[in-house]
Amino acid sequence: KIIKGTGFSSINLQEIEILEDYLFCINDDGFIAKRLSPNDQDYNMVLKQARSEETLMELTEGQYLLPGFIDLHIHAPQWAQTGTALDLPLYEWLNTYTFPLEAKFSDITFAEETYNHLVDTLLGNGTTTALYFATIHEEASFLLAKICAEKGQRGLVGKVVMDDPAENPDFYRDASLEEALTGTERFIQRVKELNKTTKQGVYPVVTPRFVPSCTSEALEGLGKIAAKHDVHITSHCSESDWAHNHVKERFGKNDAQVLNDFGLLTEKAIMAHANFLSDDDAKTYIEQGTAIAHCPISNAYFANSVIPIKHFADMGVEIGLGTDLSAGYDPGIYSAIRQAVISSRMLEDGVDPSKNAASRGRAHSRITANEAFYFATAGGGESISLPVGRLAENYAFDAQIIDTKIKDSSMPIFEGMNSLQDIFQKLVYMTQRRNIISVFVQGERVK
Ligand code: GUN
Ligand code: FE
């Protein structure tokens, strides 16, 4: 299969490559085997052959190709309350709204309805890979992985562990430490089997909800299970003052250090939020290859905080973006990209140092659209250690086609006035769901 069109892909945090009129040659496994620019010798020959063999798909004027987005942090069961319940602080929000909702996923019919609707919605929004928190229920969590497998989304799915009877409500917690650990191992094995039936891949994830909800024995056991099965790990880390201080009181150290002590910060670990990470914690992330799932919308609601993301990016921490549904209200990563830029601008020190005035922010905090786009694509791929997030050779062909001229949602792009660099920024800031006309995962069209 060959796709002809203009695409945009990150080279690094700062730079975007503009792939004008390229041919993307996709092999049977769904990877980009070759990328040809119009200056390449073979271009015309390959184009002619694809036309004669009818394997060519050509973007029309005003259509552009972007890599599919990677959502590094989303709570699938919270889909039903998305857009509501944003009026309470984290601890009360969990107990009032979220735990009662998640407890309902013992009902597999409810789970099926919710998860089908959510996975369709994410694909429609250009999210080709998602790292999901499911619930404590094995069957409903496995069903989510199955739905990703069937719909062609690359799903990384965690069966949540929250075993501490002192910290979790009776109606929603693991029956016992033993059950939490054996259930996790069984889940890992089942998803690994399921993975063999998919082209795009589905992956099990070791998922202690956050340190406050787990006993030390559970955290220790999960670290060992993750090492034994070489699987991804996810959790929340240093999200709010409450969560951060709770861990500090219990262990006398930051969550990052506690997670590391239990073997839960690894190359395949992705930790949500990290608002109150110290520089020493960040260095631990870098040493271990652990990534931050940056969730700028939910950080505004539940952390009352702007993470100095530019600072951590400059230090070299791997960073991707998360919607954090339902602590974030939008299922699409476009909103997370935009909020990442906006929040960073709010943290920036707006005071001219020469005026001798008191600082009201943190200098060098702002990030650009290019940087936020990098987090949503290439950075997300690096965070999960999978070849996704770039329109580059040997990467999976995960992509979205954006139509800038679609009726009722056409973008203000004027010939002779807007360069392709401008158009890239307009795609980042102005794409609406209806502009996303096609979505591909691993070379297969899923929308
Ligand atoms: N901390 C523990 N559980 C959750 C959750 O479901 N959402 C958020 N935002 N933070 C959490
Ligand atoms: Fe979360």
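The exercises below, each with a worked solution, concern a predicted model of a protein chain with a ligand.

**Exercise 1. Helices α4 and α5**

Determine whether α4 is roughly parallel or oblique to α5, then list the residues in contact.

Solution. 
- Step 1. Helix α4 (residues 138-151) packs on α5 at an angle of about 20°, and the two axes are 11 Å apart.
- Step 2. Angles under 35 degrees count as roughly parallel, so α4 is roughly parallel to α5.
- Step 3. The crossing of α4 with α5 is right-handed.
- Step 4. From α4 the contact takes Glu138, Ser141, Phe142, Ala145, Lys146 and Ala149, and from α5 it takes Gly183, Arg186, Phe187, Arg190, Val191 and Leu194.
- Step 5. The classes in this contact of α4 with α5 are 6 nonpolar, 2 polar and 4 charged residues.

**Exercise 2. Helices α5 and α6**

Repeat the analysis for α5 and α6: find the angle, the handedness and the contact residues.

Solution. 
- Step 1. Helix α5 (residues 177-195) and helix α6 (residues 216-229) have axes 10 Å apart and pack at an angle of about 20°.
- Step 2. That angle makes α5 roughly parallel to α6.
- Step 3. α5 and α6 cross in a right-handed sense.
- Step 4. The α5 residues in contact are Leu177, Ala180, Leu181, Thr184, Glu185 and Ile188; those of α6 are Glu217, Ala218, Gly221, Leu222, Ile225 and His229.
- Step 5. The contact of α5 with α6 divides into 7 nonpolar, 3 polar and 2 charged residues.

**Exercise 3. Helices α10 and α12**

At what angle do α10 and α12 pack, and which residues make the contact?

Solution. 
- Step 1. The angle between α10 and helix α12 (residues 333-347) is about 60°, with the axes 7 Å apart.
- Step 2. With that angle, α10 is oblique to α12.
- Step 3. Pro296, Ile297 and Ala300 of α10 meet Ser335, Ala336, Gln339, Ala340 and Ser343 of α12.
- Step 4. This contact of α10 with α12 has 5 nonpolar and 3 polar residues, and no charged residues.

**Exercise 4. The shell around ligand 1**

List the residues around ligand 1 and find which element gives the largest share.

Solution. 
- Step 1. The shell around ligand 1 consists of His75, Leu90, Leu94, Thr98, Arg209, Phe210, His236, Glu239, Ser298, Phe302, Asp324 and Ala327.
- Step 2. Two or more of these residues come from each of α2 (90-103) and α10 (296-303).
- Step 3. α2 gives the largest share, 3 residues.
- Step 4. By class, the shell around ligand 1 has 5 nonpolar, 4 polar and 3 charged residues.

**Exercise 5. Backbone exceptions**

Where is histidine 273 placed, and what is its phi? Is the peptide bond from leucine 325 to serine 326 cis or trans?

Solution. 
- Step 1. As a reference, most residues other than glycine have a negative phi, and most peptide bonds are trans.
- Step 2. Histidine 273 is not a glycine, yet its phi is positive, about 80°.
- Step 3. Histidine 273 belongs to strand β11 (residues 269-273).
- Step 4. The peptide bond from leucine 325 to serine 326 is cis, with omega near -5°.
- Step 5. Serine 326 sits in the loop between β13 (318-321) and α12.

How values were computed. Residues are numbered from 1 along each chain as its sequence is written. Chains are lettered from A and ligands numbered from 1 in the order in which they are written. This is a predicted model: local features need pLDDT of at least 70, side-chain atom pairs count only at pLDDT 80 or more; totals for chains, interfaces and linings use all residues. Axes are lines fitted to C-alpha atoms, for helices over the stretch in contact, and angles run from 0 to 180 degrees between N-to-C directions. Helices (H or I, at least four residues) and strands (E, at least two) are DSSP runs, numbered from the N terminus. Angles under 35 degrees count as roughly parallel, over 145 as roughly antiparallel, 65 to 115 as roughly perpendicular and the rest as oblique. A crossing is left-handed if the near helix is turned anticlockwise from the far one by less than a right angle, and right-handed if clockwise. Two residues are in contact if their C-beta atoms, placed from the backbone, lie within 7 Å. Ala, Val, Leu, Ile, Met, Phe, Trp, Tyr, Cys and Pro count as nonpolar, Asp, Glu, Lys and Arg as charged, and the others, Gly among them, as polar. A residue is near a molecule or strand if its C-beta atom, placed from the backbone, lies within 6 Å of it.
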